Structure formats: structure tokens, C-alpha cells
Amino acid sequence: MKLENYIRDIQGFPKEGILFKDITPLLNDAKATHECLKILVESLKGQKINKVVGAESRGFLFGMLLAQELNAGFVPVRKPNKLPYETISASYALEYGTDTLEIHKDAIQKGDKVLIHDDVLATGGTAKAVCELVEKLGGEIVQLNFLMELTFLKGREKIKEYDIFAAVTY
């Protein structure tokens with residue numbers, strides 16, 4: 001099964017000049033979703049994972065599925081003022097602006113083996129910010145795991161010290 005067949009291009013979203021990769025057709029197909037999850041899990045090669053960290057918001061979709069499959073806890077990393085408890089934050093640059101992410105300060109314990117998941121690796125800013133948050137709390141990053149990587153944006157260069165996996169590359 002070619003997962004690329006379930007990801008459609010939307011020109012000019014969220015603003016002019018951006019080619020958005022829409023995963024809703026993938027999510028709408030149970031077999032494609034299952035195959036994608038299988039590919040993401042297989043990339044971990046039997047690694048022990050205590051926590052799966054999903055980046056807002058599309059990282060929550062497969063992040064929760066990965067956590068269930070790996071028998072691990074799930075930790076949402078969200079935009080400012082969305083989490084109810086005490087947080088720490090990190091700012092980052094997107095290909096179309098800047099933003100900040102937050103995590104509960106008690107979400108990761110020292111020594112937790114952490115899988116970070118997001119839907120796309122683009123410029124690497126989001127992933128780098130999530131890594132910063134996890135490591136600040138004492139987590140050990142096992143892998144950064146993505147549905148897709150946009151290689152032409154060279155995001156991998158910002159996080160090259162980590163094991164990186166993408167199910168689909170463009």
C-alpha cells in the first residue's frame with residue numbers, strides 16, 4: 001500500500017505559497033490508517049517506550065494510537081494556555097511564522113524513554129522545541145517519528161542528533 005495515495009495536496013493553505021499535505025483521506029481509510037500505524041511501530045525495532053509525546057494537533061492522532069500500541073502513556077504538547085496544570089514552554093519557527101509549545105511540568109519523569117510523534121517534519125522547528133521540552137524534564141528521546149517528511153525544507157538538520165523516522169518522504 002502506498003501511503004502517498006492517501007495524502008492530498010492543498011495549495012495555498014494555511015496561507016498563499018504553502019502546499020499543505022492533508023492527511024484526512026488517510027484517516028478516513030481504516031486499512032491505510034492501520035498500515036501507517038504498523039509502519040511507524042516497526043520503525044522502533046523493539047525499543048522500550050514509556051511515553052509517547054504528540055505535538056498539537058495532528059500529532060495527537062497517531063500519537064494516541066502509537067501509545068496504545070506500545071502500552072505507553074501519552075503526553076500532549078500544546079499551544080499556550082491550553083493545558084490546565086503548570087507548564088514549561090519552548091518557542092520555535094515554522095515555515096510560515098513562529099509559535100510556542102507547552103508541556104505539563106510533571107508529564108515526563110527523569111529517565112522516561114520517549115517517542116516524539118508529529119504528522120510532518122518540515123523546517124524542524126516544532127520537533128526541536130518538543131525535544132527541548134522533553135529533555136528539560138529529564139526524558140530520553142528514543143526516536144522522532146513522523147507520518148511524512150518534507151525533505152526540501154531540511155528540517156532534519158535541526159534535529160540530526162536524534163533517530164528520525166518518517167513513513168513517507170517528499
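Because the model is predicted, local features need pLDDT of at least 70 and side-chain atom pairs count only at pLDDT 80 or more, while totals for chains, interfaces and linings use all residues. Residues are numbered from 1 along each chain as its sequence is written, and side-chain values use heavy atoms, with hydrogens and water left out.

Helices and strands are DSSP runs numbered from the N terminus, a helix being H or I with at least four residues and a strand being E with at least two. An open sheet is formed by 5 strands in the order S4-S3-S7-S8-S9, with parallel pairing; two strands pair if DSSP finds at least two bridges between them. At the edges stand S4 and strand S9 (164-169), each of which pairs on one side only. From one strand to the next, the twist averages 20°. Angles are taken between N-to-C directions and run from 0 to 180 degrees, the axes being lines fitted to C-alpha atoms, for helices over the stretch in contact.

Within the sheet, S3 and S7 pair in the parallel sense over 4 bridges. Lys51 has Val114, in S7, as its bridge partner. Helix H4 (residues 125-136) lies across S3, S4, S7 and strand S8 (140-149), and runs at about 160° to S8.

The structure holds 10 salt bridges. A salt bridge is a side-chain nitrogen of Lys or Arg within 4 Å of a carboxyl oxygen of Asp or Glu. One of them joins Asp9 and Lys21, with the closest N and O atoms 2.6 Å apart. Asp9 lies in strand S1 (residues 8-11) and Lys21 in strand S2 (residues 19-22), so this pair ties together parts that are 12 residues apart in sequence. Accessibility is described by relative accessible area: buried means under 20%, exposed over 50%, and partly exposed in between (1.4 Å probe, protein chains only). Asp9 is partly exposed at 44%, whereas Lys21 is buried at 10%.

The side chains of Lys21 and Asp9 are also joined by a polar contact of 2.6 Å. A polar contact is a pair of N or O atoms within 3.5 Å; within protein, one must be able to donate a hydrogen and the other to accept it, and residues adjacent in sequence count only if both atoms are side-chain atoms. Not counting residues up to four places away in sequence, Lys21 touches Ile7, Arg8, Asp9, Arg58, Met148, Leu150 and Tyr170, where contact means heavy atoms within 4.5 Å.

Another salt bridge is formed by the side chains of Arg78 and Glu56, at 2.7 Å from N to O. Arg78 lies in the loop between strand S4 (73-77) and strand S5 (87-94), and Glu56 in the loop between strand S3 (51-55) and helix H3 (59-70), so parts that are 22 residues apart in sequence are tied together. Arg78 is partly exposed, with a relative accessible area of 23%, and Glu56 is buried at 19%.

Asp119 and Arg58 also form a salt bridge, their closest N and O atoms being 2.2 Å apart. This pair links distant parts of the chain, 61 residues apart: Asp119 in strand S7 (residues 113-121) and Arg58 in the loop between S3 and H3. Asp119 is buried, with a relative accessible area of 5%.

Lys38 is found in helix H2 (residues 30-42). Its relative accessibility is 41%, so Lys38 counts as partly exposed.
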